[in-house]
Amino acid sequence: MMEETWVVAVRSIIAFLTLIIYTRVLGKQQMGNLTYFDYINGITIGSLAGTFATDLSSKAWIHFVALTIFTIITIVFQYITLKNRTISKLMDSDPTLVIQNGKILEQNLHTMRVKFDELTMMLRQKDVFDITTLDYAILEPDGSLSVVLKPENQPVTAKDMHMHPAKSKLMTEIIIDGVLIKQNLKERNKDTTWLSEQLKKQKVTIQDIAFAAILPNDKLYIDLFEDKITDKIDMGDYEGPF
């Protein structure tokens, strides 16, 4: 019993490290962008790793070889689909138009085996509550829905208003848990003298701060360890013990 436990433990560690290496090799495609083939492929690789770790009725080497071969095949197909558009379309399918000029294309919807209530749910997730505001809706290969609003329903942009907004910047965290991140401060072309002046104005020290960041407009955002909130809002309506 104890020997089997050690074998499973060692196999699990090897399977875990192997999965880390193989998933890094397979790339950084986001979960939300996975096609159905990618999704099923990922499940299969995970299943092979699980069998490798726990199936003591056969040699570990056999499962390791299967896991490696499956990963190699996946990499080969990734390369082929990058180079060959036809095979790429065969593997990942095409986007499908499901709404045109506010009219639902029932045949395309049925072909994709998507129900009407599923379509309306995806529209709500896109903040579309009136189907007549749409010009087009497209079902993507990963199952998500892309929508194109009619021109009169599209939001006004700075370009439409002939405005010239300042160049976009990112929020940069500079203090976390009372520790100053000097590298991030330098990246925003600030120094400790500037930070000291800002903290002095707000009468706090670095040790008082749980989180601080330089906002895109170059202003300093500070959140203290002590929030001083006396009227906390209870979002729940359950008064049970858990």
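**Strand 7.** I looked up strand 7 (residues 209-214) and found it mostly covered, with five of its six residues buried. Buried means under 20% relative accessible area, exposed over 50%, and partly exposed in between (1.4 Å probe, protein chains only). Strands (E, at least two residues) and helices (H or I, at least four) are DSSP runs, numbered from the N terminus.

**Source notes.** The model is predicted, so I noted that local features need pLDDT of at least 70, that side-chain atom pairs count only at pLDDT 80 or more, and that totals for chains, interfaces and linings use all residues. Residues are numbered from 1 along each chain as its sequence is written, and side-chain values use heavy atoms, with hydrogens and water left out.

I traced an open sheet of four strands in the order 6-5-7-8, with antiparallel pairing. Its edge strands are strand 6 (179-180) and strand 8, each of which pairs on one side only. I counted two strands as paired if DSSP finds at least two bridges between them.

I then went through the pairs. Strand 5 (residues 172-176) and strand 6 are antiparallel and joined by two bridges; here Ile175 stands opposite Leu180. Four bridges link strand 5 to strand 7, again antiparallel, and Glu173 faces Ala213 of strand 7. Strand 7 pairs with strand 8 (residues 220-224) over five bridges, in the antiparallel sense. On that side Ala213 stands opposite Tyr221.

Strands 7 and 8 form a hairpin with five residues between them. In the turn I noted Asp218, which has a positive phi of about 70°.

**Helix 8.** I found helix 8 (residues 192-202) lying across strands 5, 6, 7 and 8, at about 55° to strand 8. Contact means heavy atoms within 4.5 Å. Axes are lines fitted to C-alpha atoms, for helices over the stretch in contact, and angles run from 0 to 180 degrees between N-to-C directions.

**His63.** I located His63 in helix 3 (residues 60-83). His63 counts as buried because its relative accessible area is 13%. Leaving aside neighbours within four places in sequence, I listed its contacts as Thr51, Phe52, Asp55 and Ser58.

**Leu17.** I placed Leu17 in helix 1 (residues 2-26). Its relative accessibility is 45%, so Leu17 counts as partly exposed.
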